[in-house]
Amino acid sequence: MCFNRLRTRQKRLLRNALNRGVLRIQYPWTDNPELALSSTKSHWPLSLLGGGVSLLNMFLPMILVRTLAPEAIGHYKIFFLYLMVMPLLFMSAGITNGLSYCVGYDEKKTAAFRNSWTILLVIASMVLASGIISYPALIKWLDWNPYFLRLFIWSAFVQILATFFEEATIASGQIWRGALFLSGFDLLRNMSMLSAALVYGTIEAVFWANMIVVTIKVALGFIIGYREGFQRFDWNPEFRKGVLRYAFPVSLSGVLTIVTNYNDQFLLTSMIPPAAFAMYSMGCLSLPPLLILEQAVNRVLIPRMSKAFATGRGNEASQLLREATSELSWLFIPSATGLFVFADPIITLLFTKAYLAAAIFLKISAFRWMNLALPFDAVARARGKSGWIFRQYVIFSIISTCLVIALAKAFGATGAILGSVTAGYLMRFAAIGAIKKAEGWSLKEMLPWNDWGRYYFFALVASGAALLIKPYIGDGTGGRKW
């Protein structure tokens, strides 16, 4: 109690000093001291903890291939590929995404969270019931092992519910708590799956480990959320309509991301032989720590922008967007440059020289990471404009598919990845133009031009130095050339 009084008194004295001009503080993203004092939350707990756990996600399949038979690894890839897209296919992703928008309106937040949880539970229950009822038909259609399918049906149920507690906690500003909950259970899940594989040596044990840990995560999140009042059952017509009005277009957009992000791979499976497709997929290297950083920045940015818009502080929202873009760029730009310059040794170290032909695809896909640093839907999500997000995905899923098909027919697999990367940039550029027009912000207000200049300068200098010295050093793979 005494500490809280002291902290309140310190903040009041600080504000008075700022208002009288006795004290000036330069904030990296805003000149408004009130916003700065009330928005001290950072995405770094999510980025650092999530990034560390994601490294284990990258190495888990590499360890499993040395423990399980190739056929079992095939079952592993298929099982978790289907499980990953379940929240997108059944329109539940928009429910959790909408929590960041709801938090901008404090007086309605709890009711919106409760109705969101209720809707999400209804969706998950319908998926579970549908899986049980259609089990005989699914066996014939998917041609799966019946035991695997039974495990999958329950895993899909808990997978849809698994992220609600952490998303609600993070959206409410409890960043460390949400980050620890998310990363702790991800770490436990990965370690449990690995232990199950090493002890039992079967893929069934791996599936059981995943299902048990995710079920415990959902149960614990529900118990805590219920005690704190935001994860209870509520079926208020007004809030239910509001949640669905936001979530439905976002969920449809999530379905379209499957088309936008993977249309090149779907197309090439029917155009090139399996060996060539393996080269292509190896070159489209995924880096989970960077993806987690982008998600973490947006998880913190959108609630803060929503609050700024709700209180009529649009200028501060543009500053928040510029700062978030800068934070993404300072890591994505050098990462993309490094992937381009060191593509050959990276492929050799990860997949051996047998896959060295994948280096050209890695060089091109490196440009995707710089693209992800550009603003896209953060402003729309903070404004609650889910319809705009849906329209963008409809338009650019069509554009992307047309570009990929045309360039793939002209240049093969290289053309397919060029089409996918080009469409991604067109989508981001169009979004920047739409934000500028809708909000009345200048490009200087919303984009970190000075920071970009510094980042590109140092990245290019470092790349040039690496290229100059490459004839004189080894590449880390036992050879002298890259």
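This is a predicted model: local features need pLDDT of at least 70, side-chain atom pairs count only at pLDDT 80 or more; totals for chains, interfaces and linings use all residues.
Residues are numbered from 1 along each chain as its sequence is written, and side-chain values use heavy atoms, with hydrogens and water left out.

**Overall fold**

- The protein chain has 23 helices and 0 strands; helices (H or I, at least four residues) and strands (E, at least two) are DSSP runs numbered from the N terminus.
- Of its 482 residues, 48% count as buried, where buried means under 20% relative accessible area, exposed over 50% and partly exposed in between (1.4 Å probe, protein chains only).
- Among contacts (heavy atoms within 4.5 Å) with a separation of 6 or more, 77% join residues 24 or more positions apart.
- The accessible surface of the protein chain is about 23900 Å², and 66% of that belongs to carbon and sulfur atoms; these areas come from the Shrake-Rupley method with a 1.4 Å probe, and for residues only the protein chains shown count as cover.

**Nonpolar cores**

- A nonpolar core here is a set of buried Ala, Val, Leu, Ile, Met, Phe, Trp, Tyr and Cys residues joined through side-chain atoms within 4.5 Å.
- The largest nonpolar core has 54 residues, of which Tyr280, Met305 and Trp441 touch the most other members.
- Helix α15 (residues 314-341) gives the most to this core, with 9 residues.
- Leaving aside residues up to four places away in sequence, Met305 touches Ala317, Leu320, Leu321, Val379, Ala382 and Trp441.
- A second, separate core holds 53 residues, including Phe79, Leu151, Phe152 and Ala205.

**Helix α23**

- Helix α23 (residues 449-469) has 21 residues and reaches 31 Å from its first C-alpha to its last, close to the 30 Å expected at 1.5 Å a residue; the expected span is 1.5 Å times one less than the number of residues.
- Its buried residues are Asp451, Trp452, Tyr455, Ala459, Ser463 and Ala466.
- Seen down the axis of α23, these buried residues fall within an arc of 95 degrees, so they line one face of the helix; the arc is that of the directions from the helix axis to the C-beta atoms.
- The buried residues of α23 pack against α15.
- On the face turned away from the buried side sit the exposed residues Asn450, Phe457, Phe458, Leu460 and Leu468.

**A buried glutamine in a loop**

- Gln231 lies in the loop between α11 (203-228) and α12 (237-268).
- Gln231 counts as buried because its relative accessibility is 2%.
- Not counting residues up to four places away in sequence, Gln231 touches Trp117, Phe164, Phe165, Gly221, Phe222, Gly225 and Tyr226.

**Aromatic pairs**

- The whole structure contains 20 aromatic pairs; rings of Phe, Tyr and Trp (its six-membered ring) pair if their centres lie within 6.5 Å, and planes under 30 degrees apart count as stacked, over 60 as edge-to-face and the rest as tilted.
- Phe181 and Phe185 form a tilted pair, 5.0 Å centre to centre with 55 degrees between the planes.
- Both of these residues, Phe181 and Phe185, lie in helix α10 (residues 175-200), 4 residues apart, about one turn of the helix.
- Phe181 is buried at 10% relative accessible area, and Phe185 is buried at 12%.
- The rings of Phe376 and Trp388 have centres 6.0 Å apart and planes at 45 degrees, so this pair is tilted.
- Ring pairs also link Phe113, Phe165, Phe181, Phe185 and Phe230 into a cluster.
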